[in-house]
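Please prepare a briefing on the structure shown here, covering a ligand site and a strand sheet with the helices beside it.

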Amino acid sequence: MAKLTSFREIDRAAVPYRAPLERLDDFDEILTSVGDIHLQDQGARCMDCGVPFCQSVDGCPVDNLIPEWNDQVYQGKWRAALERLQQTNNFPEFTGRVCPAPCEGACVLGIIEPAVTIKNIENAIVDRGFAEGWVVARPPAARSGKTVGVVGSGPAGLAAADQLNKAGHRVTVYERADRIGGLLMYGIPNMKLDKLVVNRRVDLLRQEGVEFLTGVNIGSSKEYPNGHIVSIMAQQGVPVKHLDVAELLDQHDALLLATGATVPRDLPIPGRDLTGVHFAMDYLTRNTQSLLATGSFEGAAISARDKRVIVIGGGDTGADCIATALRQGCREMVNFELLDRPPDQRAVNNPWPEWPLIYRTEYAHVESASRFGGDPRQFALLTREFIDDGRGHLAGVKTVRVDWSSRSGKAPFSEIPGSEEFWECDLVLLSLGFLGPEHEIPERLKITCDERSNYQVAHGKFVTELPRVFAAGDCRRGQSLVVWAINEGRGAARAIDAFLAGPGGLAVSG
Ligand SMILES: Cc1cc2nc3c(=O)[nH]c(=O)nc-3n(C[C@H](O)[C@H](O)[C@H](O)COP(=O)(O)OP(=O)(O)OC[C@H]3O[C@@H](n4cnc5c(N)ncnc54)[C@H](O)[C@@H]3O)c2cc1C
Ligand code: SF4
């Protein structure tokens, strides 16, 4: 145990973000760095409970050995803490920055006091590891002679590639975008996860022997229009090669589909085709591309500069759109949420150690409040129509307030009479979630998808009806979290290795 009485003596002190108005002037990471003593003190708050719920099914999805490395950090044994952390998490520098930390929701101390700052400590351990030069390429000692193709380079594909490569298999990752990382690269913006952090890890994997091919769209040999990144690249004149997935399967001993949930949910209401209404992912991708190419969002094809912006939908994607638009210099910001405002405290049907479904103020909401003087969110608001300015461009949005305590027909809410409103705006960003993976690959391979149109593949098994084809990550479980994608990538690697080398074959811990 870290220190017997620390949880009573030391208050939780999360690593702070930079001041909102200061950080809005740039695209750098919002997280500050704090000294070792701060983190050692925070690590000392861990009670090393008999049953560490932070590691349970309600806690960390990759089963991080949290109490152990909390204690090691408290004792100043940073290298030992890193070694422990690397046993369960391939990419703690990603989760340490962007994970919502279900571990903290399940922390036993959280029953009576604010939880241990587990995520901050995880991040500090791995950042220290990189700074000290302890995180280095470790290529496998021997090769198995087997090859695995991984389609998609998000955290699921990368985690699987890492595990399989460490087990000695030759791994090639096929990615249709021009850069590796999936939503770590084109999705989560630079302020939350610096792209140098993503590239640093990809470089390590490359040095360890993983092969990466970008600009390769797997599906059929014919060009198909799905996938926003493919259309963006076509508009930019960046070449994309189209490869038949059936032929790809012939080239490898096993294939992992880690293609993400890339089909965005649309809002098919009148005026949807007006100029000025965009999917969030088109917006975020183009902005990150511009940032990486020119160092600023100025060159982006969709810009919020001087515009009145409405983001429809919440979650991480909605928050990231708000934060990006603020950095571009939008004139106004409003965020529509169809759902009701969540409660401030856990509801009775949402007890500890479940993830607390409570009202949260994300970094983007704080930034918007600092710039414009109020939380941008409007809850229980239904968008009815986009209004034309007479020239095919968006002039505003018509809405109506809804009441979630009463149903109306098939809708789980009823519209409140007389609550109709008109909101002037120039740019709408649609952040309504995702409808699973695209259909080309399952149709071509004749693989079944479930009722949510994800690959119908059991968690823990990860194999499709075709014995050599596996699926993991958001394309299997639906839009989720980076830490779950890592969990799935590791699980799929274990299943593929067992298939290739027989049970117990994986040379690294699964
Ligand atoms: C804007 C946004 C912000 C988010 N913020 C957070 C956050 O803060 N914290 C968090 O934990 N989670 C966050 N998430 C969720 C998280 O990013 C995802 O759950 C995670 O990235 C899923 O990983 P994956 O590997 O399954 O898929 P993805 O990361 O989506 O990667 C799939 C990859 O496959 C490629 N691909 C798809 N089809 C093909 C094909 N046919 N041929 C070749 N390549 C293909 C895609 O181009 C993509 O690169 C966010 C998601 C979004 C959209
Ligand atoms: S990966 Fe997420 S859930 Fe696991 S310890 Fe880190 S912050 Fe917590």
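The points below take the ligand site and then the sheet.

This is a predicted model, in which local features need pLDDT of at least 70 and side-chain atom pairs count only at pLDDT 80 or more, while totals for chains, interfaces and linings use all residues. Residues are numbered from 1 along each chain as its sequence is written, chains are lettered from A and ligands numbered from 1 in the order in which they are written, and side-chain values use heavy atoms, with hydrogens and water left out.

**Ligand 2**
- There are 13 residues around ligand 2, and those that come nearest are Cys 60, Asn 64, Cys 99, Cys 103 and Glu 122, where a residue is near if one of its heavy atoms lies within 4 Å.
- The shell around ligand 2 comprises nine nonpolar, two polar and two charged residues, a classification in which Cys counts as nonpolar, Glu as charged and Gly as polar.
- Helices α7 (102-106) and α8 (118-132) each supply at least two residues of this shell, and α8 gives the most, with three residues; helices are DSSP runs (H or I, at least four residues), and strands are runs of E of at least two.

**The sheet**
- Five strands make up an open sheet with parallel pairing, in the order β3-β2-β1-β6-β16, pairing being at least two DSSP bridges between two strands.
- The edge strands, each pairing on one side only, are β3 (211-214) and β16 (469-471).
- Strand β6 (residues 254-257) is joined to β16 by three bridges, and Leu 256 has Phe 470 of β16 as its bridge partner.

**Helices on the sheet**
- Helix α9 (residues 155-166) packs on the sheet and touches β1 (147-151), β2 (170-175), β3 and β6, contact meaning heavy atoms within 4.5 Å.
- Helix α18 (residues 482-501) also packs on the sheet, touching β1, β6 and β16.

Technical notes:
Axes are lines fitted to C-alpha atoms, for helices over the stretch in contact, and angles run from 0 to 180 degrees between N-to-C directions.
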